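Start with the structure itself.

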4 protein chains.
Amino acid sequence: MEDINLHFTGDFHAIASAHNLLSALLDAHLHHGNALGLDVRRITWPRTIDMNDRALRNIVVGLGGITAGPSREDHYVIIPGSEVMAIMALATGIADLEARLARIVVGFNFTKTPVRASDLKAQGAMTLLLKDALNPNLVQTLEGGPALVHCGPFGNIAHGCNSVVATKLGLTLSDLVLTEAGFGADLGAEKFFDIKCRFAGLEPQAAIIVATVRALKMHGGVKKDQLGTPDPAAVARGCANLQRHIRNVKQFGVPALVALNHFTGDTPAELDAVRAACSAEGVELVPCEVWGKGGEGGVAVAQALLKLLDGTKSAFKPLYDAKLSIKDKIDTIARKIYGADGVRYTAGAERALELIPALGLAEAPVCMAKTQYSFSDDATKLGAPTGFTLNVRDVVASAGAGFVVALAGDIMTMPGLGKSPAAERIRLHPDGTIEGLF
Amino acid sequence: MEDINLHFTGDFHAIASAHNLLSALLDAHLHHGNALGLDVRRITWPRTIDMNDRALRNIVVGLGGITAGPSREDHYVIIPGSEVMAIMALATGIADLEARLARIVVGFNFTKTPVRASDLKAQGAMTLLLKDALNPNLVQTLEGGPALVHCGPFGNIAHGCNSVVATKLGLTLSDLVLTEAGFGADLGAEKFFDIKCRFAGLEPQAAIIVATVRALKMHGGVKKDQLGTPDPAAVARGCANLQRHIRNVKQFGVPALVALNHFTGDTPAELDAVRAACSAEGVELVPCEVWGKGGEGGVAVAQALLKLLDGTKSAFKPLYDAKLSIKDKIDTIARKIYGADGVRYTAGAERALELIPALGLAEAPVCMAKTQYSFSDDATKLGAPTGFTLNVRDVVASAGAGFVVALAGDIMTMPGLGKSPAAERIRLHPDGTIEGLF
Amino acid sequence: MEDINLHFTGDFHAIASAHNLLSALLDAHLHHGNALGLDVRRITWPRTIDMNDRALRNIVVGLGGITAGPSREDHYVIIPGSEVMAIMALATGIADLEARLARIVVGFNFTKTPVRASDLKAQGAMTLLLKDALNPNLVQTLEGGPALVHCGPFGNIAHGCNSVVATKLGLTLSDLVLTEAGFGADLGAEKFFDIKCRFAGLEPQAAIIVATVRALKMHGGVKKDQLGTPDPAAVARGCANLQRHIRNVKQFGVPALVALNHFTGDTPAELDAVRAACSAEGVELVPCEVWGKGGEGGVAVAQALLKLLDGTKSAFKPLYDAKLSIKDKIDTIARKIYGADGVRYTAGAERALELIPALGLAEAPVCMAKTQYSFSDDATKLGAPTGFTLNVRDVVASAGAGFVVALAGDIMTMPGLGKSPAAERIRLHPDGTIEGLF
Amino acid sequence: MEDINLHFTGDFHAIASAHNLLSALLDAHLHHGNALGLDVRRITWPRTIDMNDRALRNIVVGLGGITAGPSREDHYVIIPGSEVMAIMALATGIADLEARLARIVVGFNFTKTPVRASDLKAQGAMTLLLKDALNPNLVQTLEGGPALVHCGPFGNIAHGCNSVVATKLGLTLSDLVLTEAGFGADLGAEKFFDIKCRFAGLEPQAAIIVATVRALKMHGGVKKDQLGTPDPAAVARGCANLQRHIRNVKQFGVPALVALNHFTGDTPAELDAVRAACSAEGVELVPCEVWGKGGEGGVAVAQALLKLLDGTKSAFKPLYDAKLSIKDKIDTIARKIYGADGVRYTAGAERALELIPALGLAEAPVCMAKTQYSFSDDATKLGAPTGFTLNVRDVVASAGAGFVVALAGDIMTMPGLGKSPAAERIRLHPDGTIEGLF
């Protein structure tokens, strides 16, 4: 567990190296005369680092005049927000990896023609830096069960699924493969279905929607410091949130069940409230006690899943037709999944949208970047909000990954450390035990 | 070989993570109100990256106003120039590593009191990130010989030696340990003796000075594109350079021999010229043919070394007394090793020197950062120049490593990529072979 | 006329000097240790220049480390957007000028306490630099009529009225004083009434609303390149805009008439449309032919004004009670003057609003900064739009001027030059004539 | 006197407007696509402001991405350092002014071809902004004597003389014209002779070298706080400085006398020491008591001057032939005027020198920028230093003014305010009197 949190197999470092090599090649190109005629204001390729480092969110690089310039505005994103991470998660092999890396758009020249990683001849070296990282990592659970841990595009700022190669490896090796698609089913599941399954030709047979009494209570309006107090009425109110998730998953034609992560403090009345909400939507609720009992505690969910797979036939289809315009795709997600009335774009987002067709991305799926705390783009709108407008503040092309990212609300691609960061409390003791990491 | 050049065991990545965590903690501290009263103009802790990225040499971070600021000027250094690299190379174990990390000075507050990593509570998490990297890496040569490859502070910008733990591990496991101290004996050997041996209590028994006909010819005044033409007279002239290296090593009381890396084009007359120069200094010249014949080609050097060890007793002592003032220590190195007439300091270097005693570094050794192409700070002064003044442009405290860095001439701690970087020609072929890496 | 456009009496230069002296004192204070504890991210005092210079809109100053720093983000505004301009326009004399300058808030310290110009001891020197500029400038029209030209806070980004001292001087010297309050009556007139008259105790007796057939046609939906074609129906539609202006002025209790600047191309049918719209609002329409006939052409309007003054009694009162909260004041203007449904604030504007009471500005009037092309904050919404939300993107305290500025939409305080600026075509001929200035 | 110090006739403001208009046109050109292909790192045209504002010394402009960029490094200089000031001081009329403005080099494109103000079509508008400022300003002394005060390029950073038009106007109106050429005769006089007289064809007939006992005492090694104590021996030592100034002036073939500004504390023995030094150089010393007695106190100097003009014939010639290379011209000034052994150039200065011929400035005179406190570039080297090397840190082309500026040592073109700036103590009292301005 510690190894997974500390460098692990170095995949993140390899991604950072490949990503930042492209940045260095780009700035060296500008330094040596900018033969490609890049408009420095329209460079969209950021730098990346595996650190929550707010000070790198907006920077100016290339200061120092003739020997180090030209200067330009730049930005860092965390590695789960790097397009290289998304590319590695979607690549089907080394050749596809290199082809995707070559297609990355780093910016535009003065005539608004895209400039790609291949124009900088970067894809070969980037591929080499990623050659080992592309292999899925096999780890085991505390009980020895096998798990593939590979790639980590976050569901709030990226497409949120582990790698296609890991999933396909799993499908080769076993009868059933379970995969996590996190940060809320409105984000993780939607993008798993619309991006990963669409690209990789996967046919998901069932979905497990995970819920907790605590989260539903919060969606029912209970303050954070009151979540320990039993409140079946609040849970019942909060189930509006769960019910929308259930309906959302059904829109994709995939049979579903709800697994409730059971904690000690949950009362029977609260569980009943959740069960009633699930029944109303025609899906089964199965308590899951893995937290308390290990693998044993998950047997009920596993059996329910097998029953579901036996009894129901998936009719999976993505939410939208890729041939819709980018705006129509965003609109579809906003209305059908989030419950929005419509979408508003900033002037910058509108300008960015105009350049999409020239990138060959007119028929690409959309990757929404949005808070995971609400169906809307406002983290304080709990439950199942309606009547709101989704605000798209920027649109970024991930031409290598093959999708168009829409940044909604004030979602950040580079977080910052708090006033008293966890790092301050971390210690490695002489006996090798670690304090403060979890 | 490829693995060593591509991520290797991830030590560099671990160093970058530990180093940049301190940067992130520092900027988060400024963001949250700067309780330590740091003067942002006197922050000396840079960021680091494993990339030749000129655009990161001088940057402004923290733009974006209230949510991301305050802004400040910052700089990136390559990882061999990171103080964390120097610290890891000098640390004797986890506890010493943590203690050194804690002592790092990140800058000064408005009353010019140093602010340390420990004031930011960074040392615990940094140590944890380095816990595996601190272990030496055992690799084997093409013939299966064991070698420890661990840490890489460059000899031109850092102290230039591999790690103390690797050397001590080697001494435990074998009769003889050979270690490389590169970038010219004026840099690598001086710092190996004066910094590493002094700190680690090592007693080197002999030194092998490595030379090539080609390099001596260049020091004899031959242009780069003419180095293939035999020119014994030029070699003889260039031997002034080798002779000063020999005399320099002798100043440390260590018996020496010269190993001449023999290449096909070297003529007997050229070899004779080098042999004559060595004789004049009373040291043996032994041709080394490892490049052409593998281990076999090095037997003669090995035997000469054993003979030297048998016949001569080392009387190792550092060049200077640590109690001298920093300026006197720099002056001693400049005059006795480089052949300079004196040292000139910029106003900024003078200002920095005034702060050294407050850091507890008055008795610390000095780590010179200087071009490896000349004894002077001017890369074009070949041979054995005299009559020059060494220009110290800045002085930086490495309080964790335990030395004071003097930057001479225009030595850079962040190089840049050329107009046609090697990365452009790197390819990973479908059969797994790599093109363009070497 | 040329003199007025070229340096004139140097008032703008004096304002720039006084304004930028405060900036220099502020940065010198930061440089010398920041004894006032200013949070550089919360410095709100920009620099100013009499130039449309987009590149100065967002800058970083104070680069160069110890000798020139610290660095920080800064902004330039044009001189009509400088608070010093607003202060000079509102000051009643030298003593009041100095007192207002002293009250200027330049930013906040880390405990969010305001820091004022007086904390930097800047008001004395600023007052001295403005001592001559505070005197109104008397010029004459082509026919020799006297006019006071003094101060120029633009109606779209500032309060939009000439100086209080000029107006009071005029009232002392003559029976009737006419003053311009430009950039649309929703901006100029509202701020003249609510800010200048409120502060200076002025009681306006009548208002002349100026209109043109051309502008009304545009508000009726005609494209710019079609405005030369007679279109009485479009004029009639566009009169919705004029009618709202008439009703707005009436809300202040001031009797009004409409002066129509008559141009050659206006047709009788178009004039009739405007007259009908005015009649419907109960105000007289008087064509004004000053453009074609000089003073003679304005006699009809002058006589109509005298008649209006004879026949009607003004009952002037500001639109809102100063004791309302800042948000309520903005809301009142947005609804009653602009026709908005409500007001939306950005997170930054909300944060800024929280600091207003600590500045002693809770009961200050509001100075709206908004496009002059629409009643709304969207320049493309012509006519008399309703059903829109006013977007307030930032709130800035002008503590010296004594009001709170609300920036709506994307109004800019630093414009930029176009691709082919007028400056390129300006010439001074040998005979002293000037080409290209108008 | 106050008026001269406060805005005066607005000439400085006009210069700032003309200068910064060119900056705005330049950045607008970059913004709109950079059709001229300017290399932003090689833009040499700074901005200017009439303020000691350290924070503007090094800045980044053009932040804000697509709507406001591109960003670039920029610098502010004070107005006496503006090339427009130098141009106005050297222009012979409106047509020449416009031609010089047109020739200004703002930077270089990627092929290192100079880009001029005329390429940006800036000269017409700049000329118009300067049309009144080009006229000399006539003021009177306290006793009613006429004086022309016009243009102020400082002798330490610019060519240090008032305008050619003012001098020529004076020559038309009177028999004798005295002009000040300040900041030490090594700077002011050398540049008056080599630049202004050369360009304007002036033939100076005599030179008055001004000295004070106090300054000579300082050059004799007395500390600032001891200058009040009589010390004839120190004065005698310090006269080495005066004697070199006398010899320097004689090199130009111009007869000279020394006027000693007499202050109350000067003792006869000290005066005798100065007189002896002057005698040794064959020039007369005349005490001048203008400070204590007004015009009356200067009669002796005036009579001595008339006598000198009667008795001696000037044989004025510049120090160097304009056809020498720029380096030879700098070398000549350094050796013959400053007493240096030679000149050292930074790499940046060398790079800049290479571009001079392409600018048509190979035969231009050189304008030295250097401290006025020493003959050398080190303000602490008093008296008449020898044996030093002059350090030229940068070379800047003033193609409009027609000379090449060499920046020696650490001379600054943008000073900063101290910890307690004079501005803090300035007051305008109710009776109109001013406190703290002098």
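Across the interface of chain A and chain D, eight residue pairs are in polar contact, both residues of each pair being at pLDDT 80 or more. The model is predicted. Salt bridges between chain A and chain D number zero.

**Chain A and chain D: what touches**
- Strand 1 (38-43) and strand 4 (72-74) of chain A are the elements that give two or more residues to the side of chain A that touches chain D.
- Strand 1 of chain A provides the largest share of that side, three residues.
- The contact draws 19 residues from chain A and 19 residues from chain D.
- Between them, chain A and chain D bury about 1,600 Å², with 59% of it on carbon and sulfur atoms.

**Chain A and chain D: symmetry**
- Chain A superposes on chain D by a rotation of 180° with 0.1 Å of shift along its axis, at an RMSD of 0.1 Å.
- The two copies are therefore related as by a two-fold rotation axis.
- Both copies use the same surface: 100% of the contact residues of chain A recur in chain D.

**Chain D and chain C**
- Here 54 residues of chain D are in contact with 55 residues of chain C.
- Chain D and chain C bury about 4,900 Å² between them, 66% of it on carbon and sulfur atoms.
- There are 18 residue pairs in polar contact between chain D and chain C, both residues at pLDDT 80 or more.
- Several elements of chain D each supply at least two residues of the side that touches chain C, among them helix 2 (11-31), helix 4 (94-103) and helix 5 (123-130).
- Helix 2 of chain D gives the largest share of that side, 10 residues.
- Two salt bridges are counted between chain D and chain C.
- One salt bridge pairs Arg47(C) with Asp53(D), whose closest N and O atoms are 2.9 Å apart.

**Cysteines**
- The count over all chains is zero disulfides.
- A disulfide needs two cysteine sulfur atoms within 2.5 Å.
- In chain A, the sulfur of Cys239(A) has its closest cysteine sulfur in Cys278(A), 6.7 Å away, so the two are too far apart for a bond.
- Cys239(A) is buried, at a relative accessible area of 1%.
- In chain D, the sulfur of Cys278(D) lies 6.7 Å from the closest cysteine sulfur, in Cys239(D), again too far for a bond.
- Cys278(D) is buried, with a relative accessible area of 0%.

Definitions and conventions
Residues are numbered from 1 along each chain as its sequence is written. Chains are lettered from A and ligands numbered from 1 in the order in which they are written. This is a predicted model: local features need pLDDT of at least 70, side-chain atom pairs count only at pLDDT 80 or more; totals for chains, interfaces and linings use all residues. Side-chain values use heavy atoms; hydrogens and water are left out. Buried means under 20% relative accessible area, exposed over 50%, partly exposed in between (1.4 Å probe, protein chains only). Copies are superposed by least squares on the C-alpha atoms of residues with pLDDT of at least 70 in both. Contact means heavy atoms within 4.5 Å. Buried area is the accessible area (1.4 Å probe) that two parts lose on being put together, summed over both. A salt bridge is a side-chain nitrogen of Lys or Arg within 4 Å of a carboxyl oxygen of Asp or Glu. A polar contact is a pair of N or O atoms within 3.5 Å; within protein, one must be able to donate a hydrogen and the other to accept it, and residues adjacent in sequence count only if both atoms are side-chain atoms. Helices (H or I, at least four residues) and strands (E, at least two) are DSSP runs, numbered from the N terminus.
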